[in-house]
2 protein chains.
Amino acid sequence: MAHRSPRADGLRNRARILEAAGQAFAQDGPDVPLDAIASRAGVGPGTVHRHFPTKQSLLTAVVAARLGRLADRGEQLAADPDADFYEFLAELAGEARHNLALAEALGGPASVEADEAGQRLAAALASLLSAAQQSGSVRPDLTVGDLHAIITGALTMERRLPPDRHGIGLQVVMQGLRNW
Amino acid sequence: MAHRSPRADGLRNRARILEAAGQAFAQDGPDVPLDAIASRAGVGPGTVHRHFPTKQSLLTAVVAARLGRLADRGEQLAADPDADFYEFLAELAGEARHNLALAEALGGPASVEADEAGQRLAAALASLLSAAQQSGSVRPDLTVGDLHAIITGALTMERRLPPDRHGIGLQVVMQGLRNW
DNA sequence: AACTATACGGGGCGATCGCCCCGGTTAATA
DNA sequence: TATTAACCGGGGCGATCGCCCCGTATAGTT
């Protein structure tokens, strides 16, 4: 009486929308019509709006989910003294390669202010970076901000490379990051 | 009688529009309203449409002009046996840093099929690249396509870097491009 | 099984933007 | 200076999209 259990279809549809929006944003960028997401999820446009009052809130939710997973992985690696900085970079690139929205989120200022996951990821990245710098495997004059821009650029490269050339952009950037 | 000289105001307005569109696209990207360009040029929206029947044609004209200058410079350097490959890269970055539309054009497939200037630029780049590879200053396994993607990524980096860190992204990429 | 809160779907409003037309004006020619 | 073709400006049409409302159906509670 005080509270009622949430309805099963409500939760199911919310998950469907999140899933569909994830695919749609990844494929077509942030400008996909909401109706396209709705029909992809098999629900009406009104349903989308009820779960996510504004388009931005939907985008934020989607990106936050992806970012959260990445942040988890980053924290995990940051805690491991044997972790390889470059390995994380490669994983990041693999994730973002086929995800337009995620790639943009990683670069834009939206990631920082967007939510808590972005900050966690940034912190993990900073920790990984300074460890790599102390071990001498990354040039010491690089700041975290530099790194963000560089990662964004590397992701741009990878997305523009044909499938049979994947990895070469990242390889070039990594080579440039090492001490010389 | 057979033909009449073009009117002075017509040519003047066309030039104004091209100039205004160049600034507008560079600052705000390809999505600026046509009316914004019109008011910036000090003409009516109808005038813009008469000179450039579609928005795409205006964008193409603007990009082609910029691309043409870059292609000229590229061909000039390609003809000079002492020319430095990395110097051209730096010039390219300097141009594209404050030019959103140009940067996107350099990366997207639009540059190739867009017009003849893009192809000239690509050819000059290819010539510069193979010369640098033969002299041993660039890793030999890189293709021209790779280079395009890499340049696009480097431009992305530079645009995301704060002013006091400009150049570091390019520096990293260049270092990665060298033989190792 | 009856009840009620919650969710669903589709249609519609308002704003934005690209594109185009039309009446008035201006520059080039004779 | 008279003529005429080209150009100018602003207003408007149609399409798109985000956002929201409301009548109906359904899931959870008693």
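This briefing describes the contacts of a predicted model that contains protein chains A and B and DNA strand C. Local features need pLDDT of at least 70 and side-chain atom pairs count only at pLDDT 80 or more, whereas totals for chains, interfaces and linings use all residues; side-chain values use heavy atoms, with hydrogens and water left out. Residues are numbered from 1 along each chain as its sequence is written, while chains are lettered from A and ligands numbered from 1 in the order in which they are written.

- Sugar or phosphate accounts for 65% of the atoms of DNA strand C within 4 Å of the protein, and bases for the rest.
- Ala8(B) places a backbone N or O atom 3.0 Å from a phosphate oxygen of DNA strand C.
- Two or more residues each are given to this surface by helix H1 (8-28) and helix H3 (45-51) of chain A, and by helix H3 (45-51) of chain B; helices are DSSP runs (H or I, at least four residues) numbered from the N terminus.
- H3(A) supplies the largest share of the surface, four residues.
- The surface comprises seven nonpolar, 11 polar and seven charged residues; Ala, Val, Leu, Ile, Met, Phe, Trp, Tyr, Cys and Pro count as nonpolar, Asp, Glu, Lys and Arg as charged, and the others, Gly among them, as polar.

**Interface of chain A and chain B**

- Chain A and chain B each bring 27 residues to the contact, which means heavy atoms within 4.5 Å.
- About 2,200 Å² is buried between the two chains, with 66% from carbon and sulfur atoms; buried area is the accessible area (1.4 Å probe) that two parts lose on being put together, summed over both.
- Met157(A), Arg160(A) and Val172(A) supply 24% of the area that chain A buries against chain B, more than any other three residues.
- Two salt bridges cross the interface, the term denoting a side-chain nitrogen of Lys or Arg within 4 Å of a carboxyl oxygen of Asp or Glu.
- Asp146(A) and Arg165(B) form a salt bridge, with the closest N and O atoms 2.4 Å apart.
- On the side of chain A that touches chain B, helix H9 (144-160) and helix H10 (168-177) of chain A are the elements that give two or more residues.
- H9(A) gives the most to that side, with 10 residues.
- That side of chain A divides into 11 nonpolar, 11 polar and five charged residues.

**Domains of chain A**

- Chain A is divided into domain 1 (7-53) and domain 2 (64-177), with bounds from an automatic or database domain assignment.
- The centres of the two domains, taken over C-alpha atoms, are separated by 28 Å.
- Their contact takes seven residues from domain 1 and six residues from domain 2.
- The area buried between the domains is about 380 Å², of which carbon and sulfur atoms give 63%.
- Phe25(A), Ala26(A) and Pro30(A) lose the most area in domain 1, together 70% of what that side buries.
- The count of salt bridges between the domains is zero.

Definitions and conventions
Near = heavy atom within 4 Å. Polar contact = N/O pair within 3.5 Å; in protein donor to acceptor, adjacent residues only side chain to side chain.
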